[in-house]
Amino acid sequence: MLGVDVCEFGNQILELMWLAVCYRDFMADRDSEAYPVDEGSVAGINYKAPAQMTVRQIQELDSKDKSLTKYKQTLLGCSPMDLDASVPNVQVTRLTLVCPTAPEPIFMDLTGDLAALKKKTFVLKEGVEYRLKINFKVNKEIVPGLTYVHYTCKGRLQASKDTYMMGSYGPRVEEYEFLSPVEEAPTGLMVRGMYTMKSHFTDDDKSDHLHWEWKLSIKKDWLD
């Protein structure tokens with residue numbers, strides 16, 4: 001008796017599923033009639049992003065509007081900085097691993113010989129909390145969607161990729177500072193050892209602002 005009841009119940013479920021499919025198809029047909037789509041018009045859409053404007057062009061736009069001019073001066077400064085053409089738009093000056101328990105500051109100067117950093121090893125104790133602090137300057141034009149990416153490699157294998165969306169910034173004399181959320185160094189025998197870090201600064205325009213390599217050693221203790 002139990003077997004018959006189960007079969008009958010299964011047949012009822014199949015019938016309900018079939019009715020649901022038929023109802024969905026029926027409503028889809030009605031929706032397509034109520035809201036017809038002109039496939040030709042969809043295929044003909046050719047969106048073009050607006051042309052990028054320089055800071056000077058933005059400042060000169062609607063110059064008679066005093067309130068707008070004041071607002072733009074707050075965001076962009078009073079006038080574009082006159083710099084040598086060889087000066088890059090984005091200058092990343094320093095990267096720091098901010099860790100309160102570290103016996104000494106962990107940072108790298110990115111204004112000097114980047115090749116030398118490839119030979120230097122920075123130590124991080126397993127399990128500690130830390131944050132990335134990035135100091136940088138924007139000199140000439142607005143940089144959209146500045147992003148820091150680093151690839152963590154152990155031996156010849158890529159272990160992970162981390163991306164930090166830093167935001168968009170306008171030119172100014174003072175340095176900017178970006179501070180990442182708190183992170184925790186991995187723990188355990190399997191994760192200890194030497195890693196090669198491949199760092200890269202880019203933006204929404206796929207610009208290559210800076211790239212370099214450095215080494216990070218995860219240890220059981222700071223002085224191991």
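1. Tyr148 has 0% relative accessibility and is therefore buried (buried means under 20% relative accessible area, exposed over 50%, partly exposed in between, with a 1.4 Å probe and protein chains only). This is a predicted model, in which local features need pLDDT of at least 70 and side-chain atom pairs count only at pLDDT 80 or more, while totals for chains, interfaces and linings use all residues. Residues are numbered from 1 along each chain as its sequence is written, and side-chain values use heavy atoms, with hydrogens and water left out.

2. Tyr148 and Trp212 make a stacked aromatic pair, 6.4 Å centre to centre with 20 degrees between the planes. Rings of Phe, Tyr and Trp (its six-membered ring) pair if their centres lie within 6.5 Å; planes under 30 degrees apart count as stacked, over 60 as edge-to-face and the rest as tilted. Tyr148 is in strand β5 and Trp212 in strand β10, so the pair ties together parts that are 64 residues apart in sequence. Trp212 is buried, at 5% relative accessible area.

3. The whole structure has 8 aromatic pairs. Another stacked one joins Tyr148 and Tyr164, at 5.8 Å between centres and 25 degrees between planes. Here the residues lie in strands β5 (residues 143–154) and β6, so parts 16 residues apart in sequence are tied together. Tyr164 is buried, with 9% relative accessibility. Tyr148, Tyr164 and Trp212 belong to one aromatic cluster with Phe201.

4. The open sheet of 5 strands runs in the order β3-β10-β9-β5-β6, with mixed pairing. Its edge strands, β3 (121–125) and β6 (157–169), each pair on one side only. From one strand to the next the twist averages 25 degrees; axes are lines fitted to C-alpha atoms, for helices over the stretch in contact, and angles run from 0 to 180 degrees between N-to-C directions. Helices (H or I, at least four residues) and strands (E, at least two) are DSSP runs, numbered from the N terminus. Two strands pair if DSSP finds at least two bridges between them.

5. Strands β9 (residues 193–202) and β10 run antiparallel and are joined by 9 bridges. Ser217, in β10, is the bridge partner of Met194. Strand β10 covers residues 210–219. Ser217 is buried, with 7% relative accessibility. Apart from neighbours within four places in sequence, Ser217 is in contact (heavy atoms within 4.5 Å) with Thr121, Phe122, Val123, Leu124, Gly193 and Met194.

6. There are 2 salt bridges in the structure, a salt bridge being a side-chain nitrogen of Lys or Arg within 4 Å of a carboxyl oxygen of Asp or Glu. Lys118 and Glu213 form one, with the closest N and O atoms 3.8 Å apart. Lys118 is in the loop between α5 (114–117) and β3, and Glu213 is in strand β10, so parts 95 residues apart in sequence are tied together. Lys118 is partly exposed at 45% relative accessible area, and Glu213 is partly exposed at 25%.

7. Glu126 and Arg192 also form a salt bridge, at 3.0 Å from N to O. Glu126 lies in the loop between β3 and β4 (129–138) and Arg192 in the loop between β8 (183–184) and β9, 66 residues apart. Glu126 is buried, with a relative accessible area of 14%, whereas Arg192 is partly exposed at 26%.

8. The charged end of Arg94 sits over the ring of Phe107, 4.3 Å from its centre. Arg172 lies over the face of Tyr176, 3.8 Å from the ring centre. The criterion is NZ of Lys or CZ of Arg within 6 Å of the ring centre and within 35 degrees of the ring normal.
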